[in-house]
4 protein chains.
Amino acid sequence: MNTILLERLNAASKAEFVAALGNIFEHTPLVAEVAADRRPFATLDALLQAMTDAVRSLAAEQRLTLIKAHPDLAGKAARAGALTAESTAEQTSAGLDRLSEDEYAHFHRLNDAYKSRFGIPFIVCVRRHTKGSILREFARRLKHEREAELETALEEILRIGALRIDQLVSAPEKLKLSGRISTHVLDTHLGKPAVGVKVALFELSADGTARLLATATTNSDGRTDHPLIGGRPVPIGDYELRFTIGPYFAATGLTLPEPPFLNVVPIRFSVAEAEGHYHVPLLATPWSYVTYRGS
Amino acid sequence: MNTILLERLNAASKAEFVAALGNIFEHTPLVAEVAADRRPFATLDALLQAMTDAVRSLAAEQRLTLIKAHPDLAGKAARAGALTAESTAEQTSAGLDRLSEDEYAHFHRLNDAYKSRFGIPFIVCVRRHTKGSILREFARRLKHEREAELETALEEILRIGALRIDQLVSAPEKLKLSGRISTHVLDTHLGKPAVGVKVALFELSADGTARLLATATTNSDGRTDHPLIGGRPVPIGDYELRFTIGPYFAATGLTLPEPPFLNVVPIRFSVAEAEGHYHVPLLATPWSYVTYRGS
Amino acid sequence: MNTILLERLNAASKAEFVAALGNIFEHTPLVAEVAADRRPFATLDALLQAMTDAVRSLAAEQRLTLIKAHPDLAGKAARAGALTAESTAEQTSAGLDRLSEDEYAHFHRLNDAYKSRFGIPFIVCVRRHTKGSILREFARRLKHEREAELETALEEILRIGALRIDQLVSAPEKLKLSGRISTHVLDTHLGKPAVGVKVALFELSADGTARLLATATTNSDGRTDHPLIGGRPVPIGDYELRFTIGPYFAATGLTLPEPPFLNVVPIRFSVAEAEGHYHVPLLATPWSYVTYRGS
Amino acid sequence: MNTILLERLNAASKAEFVAALGNIFEHTPLVAEVAADRRPFATLDALLQAMTDAVRSLAAEQRLTLIKAHPDLAGKAARAGALTAESTAEQTSAGLDRLSEDEYAHFHRLNDAYKSRFGIPFIVCVRRHTKGSILREFARRLKHEREAELETALEEILRIGALRIDQLVSAPEKLKLSGRISTHVLDTHLGKPAVGVKVALFELSADGTARLLATATTNSDGRTDHPLIGGRPVPIGDYELRFTIGPYFAATGLTLPEPPFLNVVPIRFSVAEAEGHYHVPLLATPWSYVTYRGS
């Protein structure tokens, strides 16, 4: 995606500014128009604050219009390719473009139930979620009162907008919207970093399927060169790290049984805070290991 | 299976003795005939020793006949239901009755390769193995010399015979042929046994499928009332224990995120000694755990 | 100490019974007299219950007399050798016979403060305590009301009596008054019990001195043949286990630095329940270890 | 100590250069004279290399003179205050100024034994050592041949010189002569860094006494703001970290026994490489902990 410099937005005409940021809030360039007058913005945070204030200052009816401007999750518009580019990318991130017919029907029913109860589409910042956590959100939020849901919808819209700003506008400092999954492997049998261990990160679905998200090999410090997920929210959901330590210990010259007691070590954990840092190390010998949420 | 008392075998006529133990060694009542003369046997070990000696004392040709009396693994005879009852039960234990067409063909090819190379059927004590470890044994043993394989075949026959004796003959003390998979769960956050934790043991196949072998719930001592596998060899292969600790910690009244960081903890390990004791405990908090091969 | 069989007590004359058990409750044979009539006792528990009931049934004044019959802790009578044999042995167990002049004066002041506040001597079941925990009890109990302290004194007297019965009377089943400190050592680098590791248990004083209580060497199961403390209450206090694992790992043939990273591993912990089981294992490699309160 | 800029040394007259660096090698300004001609030095490493080359290029007799110019460890000259300022500071660092009469006599005997065997004083870079490791070095080196000891003495002299250069001359980049002892504390019961835990580092002597070297309190990241030892070699020897975690867990609002199972956690370890990084973390719950040499 092309990005635009914050300083260029500061220097642009109001029309250019609105053209650039008109879709930060779905089909609602009015937010950008109101925020434009508070230029210049020293930081992305200041720009976000101005647009948040503009959203919060909308009249009740305008707010409702903004909410209703959002498409259904995994809805017909998505199937028909009729979403904004932003919405399309977001729904794809949570795998909503990969639904089976059953799942599609399930989402459809939940959407309908939600709309008939609250009169608005179900809005959630999908970049912070997996399919499973969206379904749990549906179940949880269907029990709310309408007033609470109008507020929740607005908060999710602000989260969506913040992530869109962070992607679209480049500035010296990014917004603090990123979570992280990282790891390191320590060989507690030799008392040093385990080098060259293959690590894979999977997302787990409720039905038990595992989708490969990232692979890496530990470096001389026992770490991966980059976090397995970083620079973006970590979708709330279930994950499994798999460390292939069998070949690592075999290569140290140890006499090990065949097959070795430990070969692939799976560590299954869940992410509840999309902006959290999940450092999940492995401290291993050929016969034991320790793991924990570290820092 | 009906069992027979060791003392009854001691008191029986030679013909009855041979009738009872004639199939301990496949289609070879001669072994029982030779052993019968060494009665009475004070223990199962003594009976096993006598039959082992009888096998070892066979002339080379008789030994070859004994070896050749064994059916193909997962072979046509098995499909046609033409095996001894003992062989049928044994091949079932390793899942050789649940082969896909591809797997069946694979075993068929390996059997043929083995027979054309050594002139004898491939014999392995399948109660000590899983499908995967049998395939690894095929690969390993196909590289041997014929002499070595004749000896290996005999050793496997003696293992098969020992397990058959242990099942058929009852005596105050069993033979020492059993391995064990056991566990316990300690809550290191409260410093006491974790009670009521669901534990499941799976056998893992090379293709990643997991077959449920046993389930249990930890008792007041954090242990399971019985080993997850016990009283028999543990088939050489890959296993996964899964501990559902999320509900346990939720019930202690802790404030935990939703979803909790740890819910199902999988511990994947391999068994290399079918007669080994694999005690694999879990020491857990809601945010960390330790596991190891214990004693 | 000579013990007497429960069945002999059951068969004895009342006078003999009272002579044998007259000092279970300090200078108060009346308790034994009342209990004698409930014979025969099937178990030690039944005998204890009868004597407990006899104490509880004493009139208020008799109870006060029983309480006042107890000597001062570390008091002048102890110095002068004027205690009952039972009291002498008990005060010795907590080290009250090894006080420095300063400590002696400290106990003296606390005794006086307690007696002037409540009009009774400070009574505590010293076999369940260390010097440090007795001083903490003094501080805690000096803040109570008199009624509460009369009750606490009686409870401590009953604890003292129970332990005296357990020592004096032999029966098929002992009373359940014992705590335990035990350990085992697992070599998580080789995945098996660590054999031949020297273990020492120390009691720690507030001033940092360590008094050796027991030593042991781990057996083929990585355990010590006997608990380091067992068969009696574990005095409430601070302890340190020291495992000399350096020589153990050196003997496995590993290449280790000189000096090795880990040589003596100290594990410091406190006992709060004198009847608790404190199993404190060590899971070690040459570069790491885990410990926990186990079961 | 006043330092001098590397660039000033580069610009100085030869006489000034020699005056500044004349004592880098004990009483042997000749080394500085030879090295002076290789100026300018871009880095400290280059200066060190030039001086090392100068030492190595000395004639055998000059080398012996350099060796003999060194004082006895803990010798009469030290007692009389007759050492160079550099030697005085170094001998103090290892506690050689705090010897008891017995220890002083012990060192004296070893010095005499060494000198009578090799004809040179015992030279060791004391900043890399503790009293205990110096005694072990004495024992080890007394078994060598004279040629080997002349070479060892020279290597130790070069180590001493390098540390003196690093202290005396300031440059953008220091020499790589530093080891480190650091730690962090993780609360695996809450799954986050343990903040506000008091940590103390002690040096242990062979007689069991513990000398406090540093204290720190863990910050919001569970780390100490600075390494407990850093920016210099870590003397080879035995250490103990003590973590006071009792108050930390009490403050989290947990219900814990009185006294708590864990209060002060001691971790005892040895340093074998003075330039090594010893990161020794504690992962703790109120009932368990893990430690290891990390990275």
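**Salt bridges and chain contacts**

Mentor: Arg128(D) counts as buried, at 7% relative accessibility (buried is under 20% relative accessible area, exposed over 50%, partly exposed in between, with a 1.4 Å probe and protein chains only). The model is predicted, so local features need pLDDT of at least 70 and side-chain atom pairs count only at pLDDT 80 or more, while totals for chains, interfaces and linings use all residues. Residues are numbered from 1 along each chain as its sequence is written, chains are lettered from A and ligands numbered from 1 in the order in which they are written, and side-chain values use heavy atoms, with hydrogens and water left out.

The partner of Arg128(D) in a salt bridge is Glu275(D), at 2.8 Å from N to O (a side-chain nitrogen of Lys or Arg within 4 Å of a carboxyl oxygen of Asp or Glu). Arg128(D) sits in the loop between α8 (101–118) and α9 (131–141) of chain D and Glu275(D) in the loop between β10 and β11 (277–279) of chain D, so the pair ties together parts 147 residues apart in sequence (helices, H or I of at least four residues, and strands, E of at least two, are DSSP runs numbered from the N terminus). Glu275(D) is partly exposed, at 32%. In chain D, Arg98(D) and Asp97(D) also meet in a salt bridge, at 3.8 Å from N to O. Arg98(D) is partly exposed at 42% relative accessibility, and Asp97(D) is partly exposed at 47%.

Over all chains, the structure has 77 salt bridges. One of them joins Arg268(B) to Glu240(B), with the closest N and O atoms 2.7 Å apart. This pair links distant parts of the chain, from strand β10 (residues 264–271) to strand β9 (residues 237–244) of chain B, 28 residues apart. Arg268(B) is partly exposed at 22%, whereas Glu240(B) is buried at 2%.

Arg268(B) also forms a salt bridge with Glu240(A), the closest N and O atoms being 4.0 Å apart. Across the interface of chain A and chain B, one salt bridge is found. Between chain D and chain C the count is zero salt bridges.

Now the contact of chains A and B. Here 28 residues of chain A are in contact with 28 residues of chain B (heavy atoms within 4.5 Å). The area buried between them is about 2,200 Å², with 62% given by carbon and sulfur atoms (accessible area, 1.4 Å probe, lost by two parts on being put together, summed over both). Phe261(A), Arg268(A) and Tyr289(A) supply 30% of what chain A buries against chain B, more than any other three residues.

Turn to chains D and C. Here 28 residues of chain D touch 28 residues of chain C, and the area buried is about 2,200 Å², with carbon and sulfur atoms giving 62%. On the side of chain D, Phe261(D), Arg268(D) and Tyr289(D) supply 30% of the area buried against chain C, more than any other three residues. The elements of chain D that give two or more residues to this side are β9 (237–244), β10 (264–271) and β13 (288–292). The largest share comes from β10(D), with seven residues.
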